Amino acid sequence: MGTYVGERAVVLGASVAGLLAAGLLAETYRTVTVVDRDVLSGEPGPRRTVPQGRHIHGLLARGQQVLEELFPGITKELAELGVPVCDFGTGLSWYFNGRMIEKKETGLICVSAERPLLEARIRERIRALSNVRLVDRTDIAGLTASPDRARITGVRVQPADGGPEEVLAADLVVDASGRSSRTPRWLTEFGYPQVPQDRVKIDLTYTTVELRAPLPVDPIGDGAGLVCVASPADPHGATLVRLRDRYALSLYGLLGDRPPTDRAGFVAYARRLPVPEIHAAVEQAEMITEPVSMHFPANVRHRYERMSRLPDGLLVMGDAACVFNPIYAQGMTVAAIEALVLRTHLEKGRPPRPQEFFRDLSGVIDAPWDMAVGGDLGFPGVEGRRTLKVRMGNFYVPRLQSAAAYDGVLSNAFLRAAGLVDPPQALMRPTVISRVLRRMRAS
């Protein structure tokens, strides 16, 4: 272990973002404390305070790469637990406007692990670090600051059983408490300007059920899943995945379209999809859980990088910084990429400087944000500013997807960009554009 840049770091939230932050902070802070309201022991399962944990979560290709870099061998460990592991281009069937893009080996690894299991395996790696302490069943009451409020000095916490409040002193606090983060409010209470926010309303609802294996009609086989992506012409979609010992199916609708939570209504909704294999799979399947819905009103990005001033000793990561439309499965992967930003700042040999950190954090959020919001703005009912860049993307990308139904090279290019391995600009390379135009002329 190298030279410490600080004595005490406190992480708010044992999410994927919080756990990754804790692991990196343990290399440069003498002690690290992770505080969470949930129980952080026992068998992996959905956490009470994370309602989206009961739904399908995707780890994109770049997310798998980062996790493997930070925790060598974790992919093999998950595979040995029975988690399906395959190639993103051949183990998943991707449908756009009802047509499957051509399957093509990409060399990108898909790990079909449910979020509670993935969190649990990361948590065990973090728990094994001698200078990290996980404090569960504890509420976060607020932050403490220096008299001039120029520096955050700790966190006020209280046991969930009603015990006395205490203060955890900290040289650095990292807020990874998710979409319910109260940092914007705390900052205004300390006299700082309101944190600018970008918000794109999509009024998304997704409903998920788990299905007993094997499926009477199985469109997945040895692969990991089938993805039917919503389009402006058909604003509802689905994801069917194979997990360790069961299957899960999420149906979703945008702009107020809400998949039902009763069995008959759920199955009938699946019949509306442009991919009939999904309805065939669920129609005769045994549901081992009741369908459960989650409403997602809007993409929300907190623009900390635009703040004119910020206190020292406070960073924000994960959904607390930016929450994306979940149908793009970007959340956990962006959290992993953000962890690399934190590592870069810790490697400077001094405590991270918030304004520098948030500037660099914004740089890695820009691409996935543009992809998610740009895609959502392709739906006429979604309110937002449609720049020339957005309009061009919503003209070009559907044509690329259509051409990819016949061209594995285009499938590979699209999956690398969607998986956050390549930048979106890679889809505009002359070799890619020429293949799209060739297909357009042929159709």
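This report describes a helix pair and a set of paired strands in a predicted model.

## Packing of helices α10 and α11

In this model, helix α10, which spans residues 388-404, packs against helix α11, residues 408-418, at an angle of about 135°, and the axes of the two helices lie 8 Å apart. That angle makes α10 oblique to α11, because an angle counts as roughly antiparallel if over 145 degrees and as roughly perpendicular from 65 to 115. The crossing in which α10 passes α11 is left-handed.

On the α10 side, the contact is made by V397, L400, Q401, A403 and A404, while α11 contributes L410, S411 and F414. Sorted by class, the contact of α10 with α11 has 6 nonpolar residues and 2 polar ones, with no charged residues.

## Strand β11 and its two faces

Strand β11 covers residues 172-175, and both of its faces are covered: L172 and V174 are buried on one side, and V173 and D175 are buried on the other.

## Strand partners of β11

Strand β1, made of residues 6-12, runs parallel to β11 and is joined to it by 4 bridges. Within this pairing, L12 stands opposite D175 of β11.

Strand β17, residues 314-316, also runs parallel to β11, and 3 bridges join these two strands.

Notes:
Residues are numbered from 1 along each chain as its sequence is written. This is a predicted model: local features need pLDDT of at least 70, side-chain atom pairs count only at pLDDT 80 or more; totals for chains, interfaces and linings use all residues. Side-chain values use heavy atoms; hydrogens and water are left out. Axes are lines fitted to C-alpha atoms, for helices over the stretch in contact, and angles run from 0 to 180 degrees between N-to-C directions. Angles under 35 degrees count as roughly parallel, over 145 as roughly antiparallel, 65 to 115 as roughly perpendicular and the rest as oblique. A crossing is left-handed if the near helix is turned anticlockwise from the far one by less than a right angle, and right-handed if clockwise. Contact means heavy atoms within 4.5 Å. Ala, Val, Leu, Ile, Met, Phe, Trp, Tyr, Cys and Pro count as nonpolar, Asp, Glu, Lys and Arg as charged, and the others, Gly among them, as polar. Buried means under 20% relative accessible area, exposed over 50%, partly exposed in between (1.4 Å probe, protein chains only). Two strands pair if DSSP finds at least two bridges between them.
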